[in-house]
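Hello,

Please find the structure below. My notes on what turned up in it follow.

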Amino acid sequence: MLPVALGVIILLLAGTLALGLWVGVSLFYVGGISLMTFTSLPVERILGSVIWNNTSSSTLMALPLFIMMGEMLVKTRLSEDLFDGLSPWMARLPGGLLHVNVVACALFAAITGSVNATTATVGKITIPEFEKRGYSDALSIGSLTASGTLGILIPPSMPMLIYGVVAQVSIGKLFMAGIVPGIGLMLLFSLYIAVVSLLDRKKESLEVPHFTWGQRLRSLPKILPVAALIVFVLGSIYTGWATPTEAAAIGVFGATFLAIVTGCLNWKIFWDCVKGTVRTNCMIMLILIGASFFSVALGFLGLPKYISQSILALGAGKYAIIALITLVYLFLGCLIDGYSMIVMTVPIFLPLITALGLDPIWFGIFVVILVQIANITPPIGFNLFLVTGICKHKIGFISKAVFPFIAMMVAFAFLMTFFPKVVLFLPNMM
Amino acid sequence: MKKWMDYLESVNVLLGQVAGLCLVTSCILIIAEIANRSFFNSTFYIVDEYTGYLMGISSFLGLAYAEKHHSHIRMEFIDYLAKRFPLVVRLAKSLCYILAMIFALYLLMVTSKFFYGSFITRQRSYQVSETLLAIPQAFLPLGCLALFFQYLINLIKLQWKDEVRA
């Protein structure tokens, strides 16, 4: 019966999603139909408690609060300040100001947690500046598109929160686990920029601004608010002073304070931020409600166990299975968004990962990197569309420009598989 | 009809604003709890519990508001066919709205029964506050009803839009 159930679920899910039904609603239908067809369980009662238990959780409150923090910070002058503050330190590196793209995206993303806001806000400042100074379009656009996604790897991160809820693992530990890979990926992007720039013959024609040490030191206060906010939010979680939800509330408080100090906040803007938060939060919550029900249905049918046992029975090694999972995610990433990918696949793959002896926290970071890739993979990678609105190039050019960065991300994900301690040493110290 | 639709949509906007207020209230409660804990070595006891209720209330009350702004995620493959097969795409979108309305109605029924069950048994939370669970649970069916109406409104708008185009 289980292979039939699996086939029906895959067909129903593919059919409803292709029809254009909302992801949360699709998951709900598939979960409900599977339970009604293949079991004699009281669906209504299960659904009632699934809904209540999965929405009325204080842990989940971290989600809208981090969204609100990001909404608030996007309204400040933070992105301009980051560019001004980082430029004097990056200008003399091979690749010059292109590194600002990477570092500013990483810092901005760390505090806003939003890929779209990061790419759009940083890109609006850096892309025209790079065009003016004669930097390679492919490198500047590729680095912006890819670095914008660092926001979901560097905590606080919404996909990590969703993964934590679906996989029922510590969100605080997940956040800590994202720090080293996030910095690692950032350094890898910078290294690539430096190498390509050193090999590029046109570099002599670049207009590289000169900064004195005095100017460099005077630029530091501009990076200070961002650095303080990151240290405060992540430090409070790491030291155990605050839970992720409390850290998110502190983040909202800090962001509001920054916005007031910089004169960027009035009642209308504040209310716009709140309304924006409600829209994003409810969008994610509808998916989560559907996903929780879908996951419970899969559990009652015993499908995750069946799939993991079937794959293990093939006798394939750990790395072969990880490679297979990566291919599945890369394929799904071309078709569906990151949140949906997490909620649909984690209940299926997590038992397999645990059976292989891998850590669920490690898998969370692995999945988040693959979600990052999904954000920049044609044809529906959202960041690609976003960047078309910032630069004069078409999606084909942007897809080509971002390809080396995708390759680096895939390589990095595999590196993490061979050296899981890169991910786990920080959360294990908590 | 248009007047009724506008009226219902303004109710959904209002519910969205209440959802926003729930989030702001939660944030204030949490900050107060941190301050109380850090400066007075004390606790309010109820913050974790009430933050959970506010999260549930906010998530359901804002569903219709998010739908009004087309914020809920759907795959848009079918939209690529809109130029070649406009009628097929229109039918598919209408079917999606009908399925979504059935979903919202079913959710309305489930959450209403859930609320009613807590109400007649006077179920209370296991926390210090012993809150009547029916109070926060009452907002769940309200949010589902609002979502049903928003899907209905969007379905009607879709038909009107196509009529205008024709």
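**Loops, interface and a surface patch**

Glu130(B) sits in the loop that runs between α4 and α5 of chain B. Keep in mind throughout that this is a predicted model. Glu130(B) is not a glycine, yet its phi is positive, at about 50°.

His70(B) is exposed, with a relative accessible area of 54%. Here the value is over 50%, and therefore His70(B) is classed as exposed.

Chain A has a backbone feature to check too. Pro155(A) and Pro156(A) are joined by a cis peptide bond, with omega about -5°. Pro156(A) belongs to the loop between α8 (137–148) and α9 (158–167) of chain A. As background, most residues other than glycine have a negative phi, and most peptide bonds are trans.

Now the interface. On the chain B side, 58 residues are in contact with 54 residues of chain A. The size of an interface is often given as the accessible area lost when the parts come together. For chain B and chain A that comes to about 4900 Å². Carbon and sulfur atoms account for 77% of it. Within chain B, the residues that lose the most area to chain A are Met55(B), Ile73(B) and Met75(B). Together they make up 14% of what that side buries.

What about polar links across this interface? The rule finds 9 residue pairs in polar contact, both residues at pLDDT 80 or more. It also finds 2 salt bridges between chain B and chain A. One of the salt bridges pairs the side chains of Arg37(B) and Glu246(A), at 2.9 Å from N to O. Several helices of chain B each supply at least two residues to the side that touches chain A: α1 (2–40), α2 (47–61), α3 (63–68), α4 (86–120), α5 (134–137) and α6 (139–165).

Last, a patch on chain A. Tyr319(A), Leu415(A), Phe418(A), Phe419(A) and Val422(A) make a nonpolar surface patch of about 470 Å². Tyr319(A) is part of helix α15 (residues 318–333) of chain A.

Best wishes

Notes
Residues are numbered from 1 along each chain as its sequence is written. Chains are lettered from A and ligands numbered from 1 in the order in which they are written. This is a predicted model: local features need pLDDT of at least 70, side-chain atom pairs count only at pLDDT 80 or more; totals for chains, interfaces and linings use all residues. Side-chain values use heavy atoms; hydrogens and water are left out. Patches are made of residues with over 30% relative accessible area and no salt bridge: like charges are joined within 9 Å, nonpolar side chains (Val, Leu, Ile, Met, Phe, Trp, Tyr) within 5 Å. Accessible areas come from the Shrake-Rupley method with a 1.4 Å probe; for residues, only the protein chains shown count as cover. A salt bridge is a side-chain nitrogen of Lys or Arg within 4 Å of a carboxyl oxygen of Asp or Glu. Helices (H or I, at least four residues) and strands (E, at least two) are DSSP runs, numbered from the N terminus. Contact means heavy atoms within 4.5 Å. Buried area is the accessible area (1.4 Å probe) that two parts lose on being put together, summed over both. A polar contact is a pair of N or O atoms within 3.5 Å; within protein, one must be able to donate a hydrogen and the other to accept it, and residues adjacent in sequence count only if both atoms are side-chain atoms. Buried means under 20% relative accessible area, exposed over 50%, partly exposed in between (1.4 Å probe, protein chains only).
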